[in-house]
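Please read the following briefing alongside the sequence and the three-dimensional view. The points are grouped by topic.

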Amino acid sequence: MTSLSDQLLHRIRDAHKRRKLTWWERTYLPAVARGLWLTSGHFWRNLFLHLAHRVGLFRDVPAAVTIQYPDERRKTALRMRTRHRLMKREDGTPRCVACMMCETVCPARCIYIVAGEHPDPNVEKVPKSFDIDLGKCVYCGYCVEACPEDAIRMDTQRHDIAAYSRDGMWLDIKELLNPGTRAFDTAPQKFIQLSVDAFKRLPPTPEPPPPGLPAPRSARQAGTSIAPSA
Amino acid sequence: MWLDLGIKLGVSALVLGGVLNFAGMQTWLERKQSALMQDRIGANRAYFTLPWGWAAPINWLLRKLGGIGILNALADVLKLLTKEDFIPAQGDRFLHTLAPFLSVFFAVLAFAAIPIGPDVQLFGRTIPLQVANINAGLLAVLALGSLGVYGVILAGLVSGNNLATLGGLRAASQVIAYEIALGVSLVGTIICFGSLDLPTIVARQGVLLWGWLPRWGVFLQPLGCIVFVTAGLAHTKRVPFDLPEAEPEIIGYFTEYSGMKFGLFFLTDFVEVVLVSALTATVFFGGWQVPYLTPAGFQFPWGSSIPVSPLAYVGFGLLSFTAKVVAFIWFFMLIRWTLPRFRYDQLMHLGWKILFPLSLANIAVTGIVAVMTR
């Protein structure tokens, strides 16, 4: 006589055994028919939706799950950490006081700051150069958390970073203050040192889009759609 | 005499143009249909424009065509024509070049016997819309279709590549396993229609069964139709029967082919899909017949009738045949993108142990019924 647990075990084993196929199932025809039903259902549904979209109907029902990437962009998550930017004071100089907290906390050691003197005695210091090597950056966001001045943020909503070389992956201080101004195929001005007056002469920075919206195009991509207007 | 030759050439041009265009457009159909089945968008980028100002309407059309991916077929051909034509050092130069031509030649030649429409009466002359009126047309199509595999076997054997040889051998065994079922499944239809002549088979499908059902092969021979379509699918060497090319296992018989020679093998596959579609439509789905349409006009089972002019009758016939062929191409493409590839032993099991006995049983049952109802 087997114990109750043994009986349960046998039952579980039987339940997990592959069911023996019936004669009709072994002809393979019902499975083929079900498969063809499924795929042709998708075909006709999507064909109908594509045609309906052409005449402006059912626009809110997508006919495909794919996103036409350079033309369409995906919504980013609200808490997504994207490329860095440096915040500015009202006079155009960086808010950064070159305290080296971010450079110290950075686990990838990808931040390089050269400190300089600020003419305003209340500010004391300003970075002459501020460079981030995105080739090394791990997007941990520690620099943002360490900053006592809220001078560095990771909210540009830019996450498509391409370059022809490792040096091209660097963000110089100009690019950090005005994200998206440098085209990806021009080399960054690595370790360029700017004076306070030069900071004030930089163009004003537009606010990045609010999180959750599709990201803006880079300088090079904007306006050069390769897709025919189908 | 010269006029007869001209008419024949015209009909051949019509058939050949239709077949090659259908085969070429299948690259587009394959991309777009698979995309729609898989919730994708598919090819929509390749296009070109002309630089001149007067070409603006043409450019508009080219953009639209590029937007639905048709111009990708053109880009494919350009790519294939400009690629290096590589012949391996260990291969046979002459046979290596011959194989793709042999392959596509027989596939295209088989269309000669297929009637694409009813006879045209023009200027007191009867023009059959069939290239060659062979009185055993069905046998000719099957024979030419089977010969097509020589190109594949040849390609596998002369490439001097083990994987290609494997592909060629697989093609040979697959063709033997399926060509028999393909031929035998048609015997029942031959019993039903009492002829090997394709125009006669089509003409005998033009009458009605019990006064309302078209006397099509598929209603007389449902089992024969299923076996024929399955075996025909195997004949086209496409998924789920693409053992000879099976890219993930062996690269296939065209491993050592590049450029347009590879393109010809690709074209052969598509031409064979058109061939099997046309043959299925001809033998089992009434060929160019439209249900309830007689040369006098539409005559519906409920008594009403619409007269149709002779030329419109030809037009309806051509349209009907084209629609049937397109529907079958679509159906084969649907199967190709739905079912996974058979394993080699499953393929042999299906061919020899299921399809072949089924088609034999079909002959026996058809014979008995034919004798009883005579």
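A:Ala98 is found in the loop between β1 (85–86) and α4 (101–105) of chain A, where helices (H or I, at least four residues) and strands (E, at least two) are DSSP runs, numbered from the N terminus. This is a predicted model, in which local features need pLDDT of at least 70 and side-chain atom pairs count only at pLDDT 80 or more, while totals for chains, interfaces and linings use all residues. Residues are numbered from 1 along each chain as its sequence is written, and chains are lettered from A and ligands numbered from 1 in the order in which they are written.

**Backbone geometry**
- Phi of A:Ala98 is near 55 degrees, a positive value in a residue other than glycine.
- In chain B, the peptide bond from B:Val239 to B:Pro240 is cis, with omega near 5 degrees, and B:Pro240 lies in the loop between α9 and α10 of chain B.
- Most residues other than glycine have a negative phi, and most peptide bonds are trans.

**Strands of chain A**
- Strand β2 (residues 111–117) of chain A pairs with strand β3 (residues 125–133) of chain A in the antiparallel sense over seven bridges, pairing being counted if DSSP finds at least two bridges between two strands.
- Within this pair, A:Val114 stands opposite A:Ser129 in β3(A).
- β3(A) also pairs with strand β5 (residues 170–171) of chain A, in the antiparallel sense over two bridges, and here A:Asp133 stands opposite A:Trp170 in β5(A).

**Helices α9 and α10 of chain B**
- Helix α9 (residues 222–235) of chain B packs against helix α10 (residues 259–284) of chain B at an angle of about 165 degrees, with their axes 9 Å apart; axes are lines fitted to C-alpha atoms, for helices over the stretch in contact, and angles run from 0 to 180 degrees between N-to-C directions.
- α9(B) and α10(B) are therefore roughly antiparallel to each other, a term for angles over 145 degrees.
- The residues from α9(B) in this contact include B:Cys225 and B:Phe228, and those from α10(B) include B:Val276 and B:Leu279, contact being counted if C-beta atoms, placed from the backbone, lie within 7 Å.

**Where the chains meet**
- 19 residues of chain B are in contact with 17 residues of chain A.
- The elements that give two or more residues to the side of chain B that touches chain A are α1 (2–37), α2 (56–67) and α11 (310–336) of chain B, and α2(B) gives the most, with four residues.

Key
Parallel < 35°, antiparallel > 145°, perpendicular 65-115°, else oblique. Contact = placed C-beta atoms within 7 Å.
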